[in-house]
Amino acid sequence: MDNKTTLFRNHNSTCRSRANAVIIIAALFMLVITSCQEEGSKPFLGLFGEKRPLTKDERMKWWRDARFGMFIHWGLYAVPAGQWKGKQIPGIGEWIMERADIPVAEYEPLAQQFNPVKFNADEFVGIAKNAGMKYIVITSKHHDGFCLWDSKVTDYDIIDATPFKRDILKELSKACRKQGIKLCFYHSIMDWHHPDAQRPFYPNYNDGKKSNPNFARYVENYMKPQLKELITKYGPLGVMWFDGEWIKDWTEPQGKDLYNYVRALQPNILINNRVGKGRKEMEGLNKGDQEYAGDFGTPEQQIPATGLPGVDWESCMTMNDTWGYKSYDHNWKSSEDLLQKLADIASKGGNFLLNVGPTAEGVIPDASVERLAAIGNWMKVNSESIYGTTASPLGKLPWGRCTAKPGKLYLHVFDWPTNLRLEVPGLKNQVNKAYLLSDKKRTTLTVRRESKDTIAVRIPREAPDVVNTVVVLEIKDK
Ligand code: FHN
């Protein structure tokens, strides 16, 4: 082999090792960059430092892990609190303007009475955090059109129209950042206050039209600019939670356009299915037979019997019968019921968005706080069986529910078997260990295989938690 060839070969091998070195350094650079990216808050950096938005799975991860959030319905409707001109108005409190047929001119002055001086954002966030909730979805604007932030697009807001003159959403945003809770905004597409969007509820005109001829003007010149304020001025948000999408004036193509508009403003934000017309179809067919806008389904006041396989979903629910505060609605669900709903929803692969309706003074009702504290006490011991879990791989269980993580099953026992044998049908895997999640020593419970797909766990006489005791099974294989 002549020198030239040898030289070339040596030169060649030197190039190869240099190229390898560059690739290794670049990979290490990537590793460092991506590992120190705060999850979900900013786009990841690509191989050469270019910003890339998260994939859907990457942006959904915090939400899928969270499993539990607080819904807050708060606005002018807390002032009448379900009563109008001395009469109790039936239905959900935040709909009082429509249910009592209150003209805009009579409803607007409620803003002068809205002065929630007892509001403390750290307290609201602390109540959610102590309950084990990982995110808060608050009504930035409900159907009545009143804005809980300082909007430059209207004076019908907390700063210009009320004696309170403090930006509630800004204060909440600060408190959420401080306490590590994701802040999310609910926003109503339907708007009973804006003249271009009032029909069919408040036709200012006697033309009898059911739809709003200038709805597109409301969307482009009012709703989108307001959303830009919310999405660019209050820090990284977890979710834009749309609602009021069912009106005639709103279509799926507009939903897709709005989805893209919001995503362009914050690439990693999540957007629910009510941005378009996906609510019924996506939830009804489990996976709509056409592409709907929206990252997750939003079954309301219900828990789908078998979850929504193949769809991310979140059940939103009131603690009594109203979203917005009503002074005389005392039909509270028990803490036990709410706790078991949390396990039931997680066992089907969903999130639980549980609502509170603060009063006009800025206080979350005691009955809500008590229930959240009870849930928090349970979560302090058992949150491992909720956070980051996926749906049960087992069939119906007579005594409770099941949630799962790789190599683990969490058996949520609502009805403690009196024969001290917890039967687990449908489980073929070998069980390596069983123990009570509340037992810090993880004392092993005896497990016996009753048949090829049923095992029985020997459980203590007393249930450590009469509402929901979690028995952990460490299993072999998937
Ligand atoms: O009309 C609203 C209602 O007031 C409330 O905000 C619920 C919560 O999801 N959403 C709509 C009804 O589906």
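**Charged side chains and their labels**

Guide: Lys-224 counts as buried, because its relative accessibility is 8% and the label applies under 20%. Bear in mind that this is a predicted model.

Visitor: What makes the link between Asp-257 and Lys-224 a salt bridge?
Guide: The closest N and O atoms of Asp-257 and Lys-224 are 2.7 Å apart. The cut-off is 4 Å between a side-chain nitrogen of Lys or Arg and a carboxyl oxygen of Asp or Glu, so the pair qualifies.

Visitor: Which parts of the chain does that pair link?
Guide: Distant ones: Asp-257 belongs to helix α9 (residues 252-265) and Lys-224 to helix α8 (residues 215-233), with the two 33 residues apart.

Visitor: Why is Asp-257 called partly exposed?
Guide: Its relative accessible area is 38%. Buried requires under 20% and exposed over 50%, so Asp-257 falls in between.

Visitor: How do you know that Glu-450 and Arg-421 form a salt bridge?
Guide: Their closest N and O atoms lie 2.5 Å apart, and the limit is 4 Å. This pair also links distant parts of the chain, Glu-450 in strand β16 (residues 447-451) and Arg-421 in strand β14 (residues 421-425), 29 residues apart.

Visitor: Why do Glu-450 and Arg-421 count as partly exposed?
Guide: Glu-450 has a relative accessible area of 32% and Arg-421 one of 29%.

Visitor: What makes Arg-52 and Glu-58 a salt bridge?
Guide: Their side chains meet at 3.1 Å, N to O, which is within the 4 Å limit. Arg-52 is partly exposed at 28% relative accessibility, and Glu-58 is partly exposed at 25%.

Visitor: How many salt bridges does the structure hold?
Guide: It holds 31. Asp-243, Glu-245, Arg-274, Arg-279 and Glu-300 are linked in a network of them.

Visitor: Why is Glu-229 said to have no salt bridge?
Guide: Glu-229, in helix α8, is buried, and the nearest side chain of opposite charge, Lys-233, is 4.5 Å away.

Visitor: What makes the link between Glu-229 and Trp-149 a polar contact?
Guide: The side chains are joined at 2.9 Å, and the cut-off for N or O atoms is 3.5 Å. Beyond its neighbours within four places in sequence, Glu-229 is in contact with residues including Trp-149, Ser-151 and Tyr-234.

Definitions and conventions. Residues numbered from 1 in each chain as written. Predicted model: local features only at pLDDT ≥ 70, side-chain atom pairs only at ≥ 80, totals over all residues. Heavy atoms only, no water. Buried < 20%, exposed > 50% of the residue type's maximum accessible area, 1.4 Å probe, protein only. Helix = DSSP H or I, 4+ residues; strand = E, 2+ residues; numbered from the N terminus. Lys, Arg positive; Asp, Glu negative; His and termini not counted. Polar contact = N/O pair within 3.5 Å; in protein donor to acceptor, adjacent residues only side chain to side chain. Contact = heavy atoms within 4.5 Å.
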